[in-house]
Amino acid sequence: MERRKTLLDFMGHVLIIYGFTMVCMLCFAILFGESAKEYSSFLALGSKGVTSEVMAQLLFLVVIIEVLQATIGNENIIKFIPVKLKSICMVLFVFITVILFIIKFQWFPIGMWQPWAMFILCFLICFGMSTYLSIIKTKMENQKLSEGLERLKRQWKEEEQNES
Amino acid sequence: MKITIKTASEATDTEVSITCKHLTPEIEKMIAMLRMLDMQLTGIKEGETYLLDVSKVLYIDTVDKKVFIYTKDSVYETYLHLYELEEQLSKVDFFRANKSCIINFKQIISLKAEIDRKLRATMSNGEQLMISRQYADYIKERLGVK
């Protein structure tokens, strides 16, 4: 049986996502920090990294996303909703949450179209990549399941032959 | 209820005999449990009782608190609870697939992983059953995937 998720599992996931987000943020800061520091509170330190304020905001965002994930993905909380609909809801909720954070903490000037275009592009790339990776992972798992089942059936056949 | 146990060294097989005024659901259940020890299931269809070979059973399902046994071409009702069946049948490769169903592993012809970590099992009669995430790990471990 699957082990029940604990608070430690939740915190573990949060820290993994947060760590990955911070690495991405540092890459962004190194690549675009200097040119964006004038108008983005997100990259106010330029190529030197991100402020502790932004770090705290990102941690808060990651916690919210993890709570959404734990709620939408939990079969005991939300039942009878098709997987595809759950996935669409999850993407929409994450998208809306990030937009709210952008507006609330003014990560970039909301009147400029260029940062919005970049944000949507980044979001689509991340979404596309994660979808592609989960499809690949499912295909690999299917392959392994099929091989495992074949192996087990051969084993049963051999056992039956040995018995008779 | 009077229980008499006789031990006889010359006996070649264990014999259980029940003497009663008439068959009650409790007695039927007791018989079904005894049969299960012999790897046979008692199924009821259209008022008639059938003896089913465990290996021919595809899966056992609960619908509206009633337990049904599914074979390739028939459905039978049983007096036993799902957990009682699970307890005995786990010795012969039956496993819990979700809250209301136990599946005969040997009757699965293919398994497919779903994107939400559930598994879809195709049975030998072509029927497809879902194995919930909670129980999918057992299958993965059994198949050496995990």
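One definition before we start. A residue is buried if 20 or more other C-beta atoms lie within 10 Å of its own, exposed if 12 or fewer, and partly exposed in between, with C-beta atoms placed from the backbone.

Now the ground rules. This is a predicted model, so local features need pLDDT of at least 70, side-chain atom pairs count only at pLDDT 80 or more, and totals for chains, interfaces and linings use all residues. Residues are numbered from 1 along each chain as its sequence is written, while chains are lettered from A and ligands numbered from 1 in the order in which they are written.

Confidence next. The model scores ipTM 0.71 and pTM 0.69. pLDDT is the predictor's confidence in each residue, from 0 to 100. Chain B averages 88, and 100% of its residues score at least 70.

On to chain A. Helices (H or I, at least four residues) and strands (E, at least two) are DSSP runs, numbered from the N terminus. Chain A has four helices and zero strands. The order from the N terminus is α-α-α-α. Of its 164 residues, 7% count as buried. Contact here means that the C-beta atoms of two residues, placed from the backbone, lie within 7 Å. Among contacts in chain A between residues at least 6 apart in sequence, 51% join residues at least 24 apart.

Let's take helix 2 of chain A. It covers residues 52-72, 21 residues in total. From first C-alpha to last it reaches 30 Å, close to the 30 Å expected at 1.5 Å a residue. That expected span is 1.5 Å times one less than the number of residues. Which residues of helix 2 of chain A are buried? They are V54(A), L58(A) and V62(A). Seen down the axis of helix 2 of chain A, the buried residues fall within an arc of 75°, so they line one face of the helix. The arc is that of the directions from the helix axis to the C-beta atoms. Those buried residues of helix 2 of chain A pack against helix 1 (7-36) of chain A. On the other side of helix 2 of chain A, S52(A), E53(A), A56(A), F60(A), V67(A) and T71(A) are exposed.

Now the annotations, from an unreviewed UniProt entry. UniProt positions are in the numbering used here, feature names are shortened, and annotations may be inferred rather than shown by experiment. The record marks "transmembrane region" at residues 12-34, 54-73, 85-107 and 113-135 of chain A. Residues 54-73 of chain A are 95% helix and 0% strand, with end C-alpha atoms 28 Å apart. Residues 113-135 of chain A are 100% helix, and their end C-alpha atoms lie 33 Å apart. The record also places "coiled-coil region" at residues 135-162 of chain A. That span is 100% helix too, with its end C-alpha atoms 41 Å apart.

Where do the chains meet? The contact takes 14 residues from chain A and 17 residues from chain B. On the chain A side, helix 4 (residues 113-163) gives the largest share, eleven residues.

Last, two backbone details in chain B. E46(B) has a positive phi of about 50° although it is not a glycine. E46(B) sits in the loop between strand 1 (40-45) and strand 2 (48-53) of chain B. E46(B) is exposed, with 7 other C-beta atoms within 10 Å. D93(B) has a positive phi of about 65°, and it is not a glycine. D93(B) lies in the loop between helix 2 (82-89) and strand 6 (94-98) of chain B.
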